[in-house]
Amino acid sequence: MPLKVLLVDDDPIVREVLGAQLRTLGHEVVVAASTGAASEAAGATRFDVMLIDQRLDGEDGRAVLQHLRDIAGTRTARAIAISAELDAQQVEALVIAGFDATLEKPVDILRMRAVIAPDERVGALDDAAALAIWGSMDTVRTLRGMLRDELPMYRDLVEASVARRDETALRDVLHRMKSSAGFCGAMPLSRFIDATPRGDVDWANLLSRYDAACVELMPDLQASLAT
């Protein structure tokens, strides 16, 4: 679900990068470089989430949060602290001060999505991750069509490695599969690969796990290609 996000940071590069990530995730973003600009925005718009830099032009982010909590537009918004330096003690102090979560710079887009909308359902396809790589949904759909056509080939290669208990061959196919899955945001395949450790392969269940990953992936994959 698209959210209205207030991003408060005095660094123009951070505003550009984080703003682009949030828009890629489908959210509406208003950026502010100062407490005054943030206050003005909060006076005109109700926000669902606010991201607040912890060193905002000499101001402590906790003081900025308290100021914004007095304004109707940000009174009920989830508050997320952003900082280049966060250790366990700092995170605890920020939560005590009223922040709901923290993000450490540089911010990974997948971490951004998880923190911005923690209750959002994540399907079998990670559009945000694929878009972050390619920047075009048309390109992503083309690659997903190629992946769909490659799935039977990958199955044959996995089955052959199982028949021979050949871990070298298995690692080769998993490497190729991981690239395809990552480029397309195909989460079930990525989880299948990550759950196949080196030197401790569960050969008896490997093919059935691959089939299960494909069964989970296919409905969302077909739906993506149909749009």
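## A buried serine to start with

Serine 190 is buried, with a relative accessible area of 18%. Here, buried means under 20% relative accessible area, exposed means over 50%, and partly exposed is in between (1.4 Å probe, protein chains only). You'll find Serine 190 in helix α9. Helices (H or I, at least four residues) and strands (E, at least two) are DSSP runs, numbered from the N terminus. If we leave aside neighbours within four places in sequence, serine 190 is in contact with Ala181 and Gly182, where contact means heavy atoms within 4.5 Å.

A quick word on the ground rules: this is a predicted model, in which local features need pLDDT of at least 70, side-chain atom pairs count only at pLDDT 80 or more, and totals for chains, interfaces and linings use all residues. Residues are numbered from 1 along each chain as its sequence is written, and side-chain values use heavy atoms, with hydrogens and water left out.

In soluble globular proteins, nonpolar side chains tend to be buried together. A nonpolar core, as used here, is a set of buried Ala, Val, Leu, Ile, Met, Phe, Trp, Tyr and Cys residues joined through side-chain atoms within 4.5 Å. The largest one has 26 residues, and Met177, Leu189 and Leu217 have the most contacts inside it. At least two residues of this core come from each of α7 (137-164), α8 (167-184), α9 (187-194) and α10 (203-226). The top contributor is α10, with 8 residues.

Who does leucine 217 touch? Setting aside its neighbours within four places in sequence, leucine 217 is in contact with Ala124, Leu125, Leu147, Leu151, Ala186, Pro188 and Leu189. There's also a second, separate core of 21 residues, and Leu25, Ile82, Met112 and Ala117 are among them.

## Aromatic pairs

A pair of aromatic rings is described by the distance of the centres and the angle of the planes. Rings of Phe, Tyr and Trp (its six-membered ring) pair if their centres lie within 6.5 Å; planes under 30 degrees apart count as stacked, over 60 as edge-to-face and the rest as tilted. By this rule the count is 2 aromatic pairs. In one of them, the rings of tryptophan 134 and phenylalanine 183 have centres 5.4 Å apart and planes at 70°, so this pair is edge-to-face. Tryptophan 134 sits in helix α6 (residues 127-134) and phenylalanine 183 in helix α8, so the pair ties together parts that are 49 residues apart in sequence. Tryptophan 134 is partly exposed at 35% relative accessibility, and phenylalanine 183 is partly exposed with a relative accessible area of 37%.

Then there's phenylalanine 192 with tyrosine 210: their ring centres are 5.7 Å apart and their planes at 70°, so this pair is edge-to-face. With phenylalanine 192 in helix α9 and tyrosine 210 in helix α10, the pair ties together parts that are 18 residues apart in sequence. Both phenylalanine 192 and tyrosine 210 are buried.

Is isoleucine 109 buried or exposed? At 11% relative accessibility, isoleucine 109 counts as buried. Isoleucine 109 lies in helix α5 (residues 109-116). Leaving aside neighbours within four places in sequence, isoleucine 109 is in contact with Gln21, Thr24, Leu25, Ala128 and Ala132.

The C-alpha atoms of leucine 207 and serine 161 are separated by 9.7 Å, although the two residues are 46 residues apart along the chain. Beyond its neighbours within four places in sequence, leucine 207 is in contact with Arg155, Val158 and Glu159.

Most residues other than glycine have a negative phi, and most peptide bonds are trans. Now look at the peptide bond from lysine 105 to proline 106: that one is cis, with omega near -5°. Proline 106 lies in the loop between β7 (101-104) and α5.

Arginine 165 isn't a glycine, yet its phi is positive, near 50°. Arginine 165 is in the loop between α7 and α8, and is partly exposed, with a relative accessible area of 49%.
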